[in-house]
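Please keep the structure in view while reading.

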Amino acid sequence: MIEPIAKPRRKNPLQRTRLPTSPARARSRASHGFTRAAAEGRFMLQRCGACGTFCYPARDACLACLSAELAFTDAPRRGTLLSETTLHVPADVHFRERAPWRIGLVAMECGPTLVTHLHADCEEGGPVVMSFQLDKSGQAVAFAHPEREPPNMTDDRQWREMTADPKFRRVLVTNGRSIVGQEVVAALKTAGASIVFVGVAEPWKPFRGEDALRAMAGVEIVPLDIGDEKSVADLAADIGGKVDILVNTTEHVRAGGLLDRQGTSVVRDEIDQSYLGFVHLAQAFGPAMRMRGSDGVNSAAAWVNILSVYALANWPVFGAYSASQAACLSLSHCLRAELRPGGVKVVNVFTGPLDIEWFQTVPPPKVAPRAVANAIVSALRRGVEDVFVGDVAEDIRQRLAANPKAVERELGA
Amino acid sequence: MDSNSLMQFAGAVASGAVRVVDLTFTLSPDFPVIVLPPEFGQAAPVRIQQISRYDANGPAWYWNNLTFGEHTGTHFDAPIHWFTGKDLPNNAVDTLPLRDMIAPACVIDCSAQAAKDADFLLTIPVVEGWEKSHGRIPERHWVLLRTDWSKKGWRDYANLKDDGAHTPGPDAAVMRWLVEERGVIGFGTETIGTDAGQAGHLDPPYPAHHFLHGGGRYGLQCLCNLDQLPPTGAVIVAAPLKIQNGSGSPLRVLALVPGQG
């Protein structure tokens, strides 16, 4: 059993902050089937369409029958740890500074044998449950967990390298005025965040939930108007070096598309709040987070965006809003690439219409703000990158995979 | 007036015999702006976006791009701002008569009343009381309502409650009377608007806007330092930006007051 991690001490200012290093990055195109699985928290292997054999590692033809029909499918996760190896002096810089590091060979019940990273509680000869995780270079790696969840499981040193667990981390939630923002703050505190900074724009305007937010222990309200470049830069000057997780809870939802809106001021507000706000945050907080990707127990770990699932397919009833979300989605991929050298994850949480005032006339199902908050914490703990919260988001995702043209027509009907 | 007097005036400004008081808040992103229900179009907030600051984007120079609504910060309202003034001649900031940009002011101190009642309304009897001490308000003068509201923190300054803003201002009768019976050139306040926070519930709604602009007069709001002005004798310099067909603009408002020396 592993010991729980201790709250990190204050840094010794005489010591240099260690720079992040990356584990091996190169993967074949076929191997990105694992990347996709890891990003969504699924366990997928190639399975031969002709003979049903599961294959690993990724290849172009079935080992058993040479068929090229090797689609990635969800696979059974159980296996047995055949052998365990502890690397004491790895040649690789990234693992050398993390040594000792345990890896193992797992025989899957479904057939193949995997080389895998090991949770400390996995024992040779014992049963394990597998997952694919994104490592510090954003590539998929196999990870073996004990069959039953032991105490302090998420405190495992090797597991924590694969995740962005909020425990003992310092978080910035960018908008505390919204119900979603307030739920996210509460969920992160429950998940063990050591401090949650909460941005409040235009502090002269009262807002619902303000008293409760101010009364929460370990929560610090900070001035932050993400539409204002200087406001963002000023906050980063104060706390940029101690934001380990940034959750962008900006919420600017307005109904309407193009032809029935007069003028562009509403469109401009949407772009200012969503897209430019994102740009301001990234430019102000991104560089320090990238630099602090290996900064101990509370290293910079993740950037979370809450995006409408209509970023993926325009919903004309909220057409201009959908477009602003699409712009943010595109930007998130840029940010993901730019933060990768620091080992900092970018998590996109896609939701359908939320149960908030601006979707008042939209019929259910709607996503409760608390569900979004819980999904964020879960994503950080599991180390996934793309999350779909609620039935609408999942439905759009599946329909897009099946026929994007049908989705376009149906959303525009 | 001969050129001598004008030079004398310039000398008096230089010597401090005429003191210049700045009635303007710094135009900044933090300053509260008027809040309308979210379904209406909103005033763009003040944004200051750096182009360069002696850096790679401009090694020897510092400059910014600005965005803001016409009605942000200490600002001027032209008659075209309100429907009642929409058809008047020369009703926008680019066409209004230049001589109107320099005019004397009467300052009515209601700071004691406003301290007791955030919804204090200026009425005809209050102004008549002021006239007993300081004389009848002359034509083409500004009337400035001193409430000391500009000394509050931003939250108390905006004073937004769940039934709207609670800030002092004029009632409907006094606005009509100031325009029609006193011929004021305009009306100025320390609060976010020339009207009271609850003026939407007056008849007509927003009477300062209604009567001032309907009568071709002007508004000034978000003023400060009114406590440094004498009840009479100050001269206001208020020249809005020359924005094409503009309904108003942030501006520097200066008051010239008799000083020492």
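Q: Why does A:Lys205 count as partly exposed?
A: A residue is buried if 20 or more other C-beta atoms, placed from the backbone, lie within 10 Å of its own, exposed if 12 or fewer, and partly exposed in between. A:Lys205 has 15 C-beta neighbours inside 10 Å, so A:Lys205 counts as partly exposed. This is a predicted model, in which local features need pLDDT of at least 70 and side-chain atom pairs count only at pLDDT 80 or more, while totals for chains, interfaces and linings use all residues. Residues are numbered from 1 along each chain as its sequence is written, and chains are lettered from A and ligands numbered from 1 in the order in which they are written.

Q: Where does A:Lys205 lie, and what does A:Lys205 touch?
A: Helices (H or I, at least four residues) and strands (E, at least two) are DSSP runs, numbered from the N terminus. A:Lys205 is in the loop between β10 (195-200) and α5 (210-215) of chain A. Two residues are in contact if their C-beta atoms, placed from the backbone, lie within 7 Å. Leaving aside residues up to four places away in sequence, A:Lys205 touches B:Val35, B:Ala158 and B:Leu160.

Q: How many residues does each chain bring to the contact?
A: Chain A gives eleven residues and chain B gives 13 residues. On the side of chain A that touches chain B, the largest share, three residues, comes from α6(A).

Q: What makes β11 (219-223) and β15 (386-389) of chain A edge strands?
A: Two strands pair if DSSP finds at least two bridges between them. In chain A, seven strands form an open sheet in the order β11-β10-β9-β12-β13-β14-β15, with parallel pairing. β11 and β15 of chain A are the edge strands, as each pairs on one side only.

Q: How do you know that β10(A) and β11(A) pair?
A: Five bridges join β10(A) to β11(A), which run parallel, and the definition asks for at least two. Within this pair of strands, A:Gly199 stands opposite A:Val222 in β11(A).

Q: Why is chain B called as compact as a globular protein of its length?
A: The globule rule is 2.2 Å times the number of residues to the power 0.38, and the radius of gyration is taken over C-alpha atoms. The rule gives 18 Å for 261 residues, and the radius of gyration of chain B is 19 Å, close to that value, so chain B is as compact as a globular protein of that length. Chain B has six helices and 15 strands, and 41% of its 261 residues count as buried.
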